[in-house]
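Please read the following briefing alongside the sequence and the model.

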Amino acid sequence: MSEVKNPAIVYISPAELVVHPKLIEIYGENEERPALEKSISEKGILESLKVSARTGVNVVLAGKCRLQIARQLGISTVKVEFVESGSPEEDLKLVLDFNLHREGGKTHYQKFHEGQYWESVLRPQAKERQRQSARRLNQSNDSNLNHSVTESKSQLGKGKRVIQEVSENLNISVGSYHKGKKVFELISQLREMEKFKAVVALEMEFNRSIDAAYKFVCNQDICYQVIDLLEADEIGSIGDGIAWMLNGDRNPFRRFQLDQVYQFKKRLRPELEIVGRVIGITNEFVVFGLRNLVNMSLEIVNLRPRQIDAELQDEPSASQRKRIFHLMQKFSDVFPVQVSLAELLKLPNLTDKEEVLLRMYESDVFEKTWEDYKIQMKAMEVSTNRKKDKICAA
């Protein structure tokens, strides 16, 4: 790597800078870095951007996000440190060296992109070490053979295995690196084949879990069928595809929608009502709101689609829900009322007591009480402000 010689810190316009294409290839053109954006908006850019002017163009080797944020915030000049480089290969090495311990976190895909580069650098070095050891061994005479073999082993032992060194650079285990390489290679192949929907889905699964993505890639009976489904727009994720292949369904989540009410074939627990309302859908679960018949409270139950043995019902509380939405709009500035109404929406149906609560919120008495309270609060604020003004005047 070229060394920084007499670094000169200067301030130049963001318009005079271009980002090295490798930075965009690895980390993407636009990244969400809210903490960094907040810091720059409050304190400015504290760490200078590393820039090479080798070709006559100011190429950013480190600081892509800082430059992006500066442009978004309309900052007129950014702090730049020029570094010396003698070739495109040195530029690339500087890019990877500067970003090795990049703050803000890296996805698994980004790490393995870097790993590909580190292997290309370290493998030739390892081979050269082996050649030098072999030359030393061949130059030894018969009388020193045993000594030379021992010395050779000692020399080889001083260097780490390439995979180990790359893994340490990326801060992951050797085992995870071996698994991740297989996934990364398939993503690269899919990109070359222009199967971009599958690329996006597999990259998301890879970033979520190296192990899960590795198991998916190794199961070729499922893997390539899921890739075809992704490209055909039949599914939206690796998880959907696996569920389809294992259960024989297209996407087991698709039949569920928020606010639907289902009647189960049997109670999930003896104390729970047999009907429940869908109040959430996650990557793994359909979330139901059911009533606990012992204390009449709301209970939340997470179920995987294959665990749900229930039939869709007509909405049992349509008119009440319409009234609840109207009240939430009417009392949008009253947090306790908002909370209680939102909880009512999670229940499959309302009890008589809950119907009484709705009528109370709808009554003129409650509305008048609330209006009187707001008037009193406003009067208190005016009085408090007057007292503050008198104190300041004194």
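For helix packing, axes are lines fitted to C-alpha atoms, for helices over the stretch in contact, and angles run from 0 to 180 degrees between N-to-C directions. Helices (H or I, at least four residues) and strands (E, at least two) are DSSP runs, numbered from the N terminus. This is a predicted model, in which local features need pLDDT of at least 70 and side-chain atom pairs count only at pLDDT 80 or more, while totals for chains, interfaces and linings use all residues. Residues are numbered from 1 along each chain as its sequence is written, and side-chain values use heavy atoms, with hydrogens and water left out.

**The chain as a whole**

- The secondary structure of the chain comes to 16 helices and 10 strands.
- Of the 394 residues of the chain, 38% count as buried, where buried means under 20% relative accessible area, exposed means over 50%, and partly exposed lies in between (1.4 Å probe, protein chains only).
- Among the contacts in the chain with a separation of 6 or more, 61% are accounted for by residues 24 or more positions apart, a contact being heavy atoms within 4.5 Å.

**Helix packing**

- Two packed helices are described by the angle between their axes and the distance between the axes.
- Helix α2 (residues 34-43) packs with helix α3 (residues 64-73) at an angle of about 60°, and their axes are 10 Å apart.
- Helices α2 and α3 are therefore oblique to each other, since angles under 35 degrees count as roughly parallel, over 145 as roughly antiparallel, 65 to 115 as roughly perpendicular and the rest as oblique.
- The crossing in which α2 passes α3 is right-handed; a crossing is left-handed if the near helix is turned anticlockwise from the far one by less than a right angle, and right-handed if clockwise.
- On the α2 side the contact is made by L36, E37, I40 and S41, and on the α3 side by C65, R66, I69, Q72 and L73.
- By class, the residues of the contact of α2 with α3 divide into 5 nonpolar, 2 polar and 2 charged, where Ala, Val, Leu, Ile, Met, Phe, Trp, Tyr, Cys and Pro count as nonpolar, Asp, Glu, Lys and Arg as charged, and the others, Gly among them, as polar.
- Helix α14 (residues 335-345) and helix α15 (residues 352-362) pack at an angle of about 140°, with their axes 12 Å apart.
- That angle makes α14 oblique to α15, and the crossing of α14 and α15 is left-handed.
- In this second pair, V337, S340, L341 and L344 of α14 meet E354, L357, L358 and Y361 of α15, a contact with 6 nonpolar, 1 polar and 1 charged residues.

**Salt bridges**

- A search of the whole structure finds 18 salt bridges, each being a side-chain nitrogen of Lys or Arg within 4 Å of a carboxyl oxygen of Asp or Glu.
- One of them joins the side chains of R191 and E203 at 3.6 Å, N to O, and this pair links distant parts of the chain, with R191 in helix α8 (residues 174-192) and E203 in helix α9 (residues 196-208), 12 residues apart.
- R191 counts as partly exposed, at 36% relative accessibility.
- R269 forms a salt bridge with E271, their closest N and O atoms being 2.6 Å apart; R269 counts as partly exposed at 31% relative accessibility, and E271 also counts as partly exposed, at 25%.
- E299 forms a salt bridge with R269, with the closest N and O atoms 2.5 Å apart, and the pair links distant parts of the chain, since E299 is in strand β9 (residues 298-303) and R269 is in the loop between β6 (261-264) and β7 (272-281), 30 residues apart.

**Single residues**

- V278, which has its place in strand β7, counts as buried at 0% relative accessibility.
- Leaving aside neighbours within four places in sequence, V278 is in contact with Q257, L258, D259, Q260, Y262, V286, V287 and F288.
- V278 and L347 are 69 residues apart in sequence and 9.2 Å apart in space, C-alpha to C-alpha.
- E194, found in the loop between α8 and α9, has a phi near 60°, a positive value in a residue other than glycine, and E194 counts as exposed at 56% relative accessibility.
- M296, in the loop between β8 (286-292) and β9, has a phi near 65°, again a positive value in a residue other than glycine, and M296 is partly exposed, with a relative accessible area of 38%.
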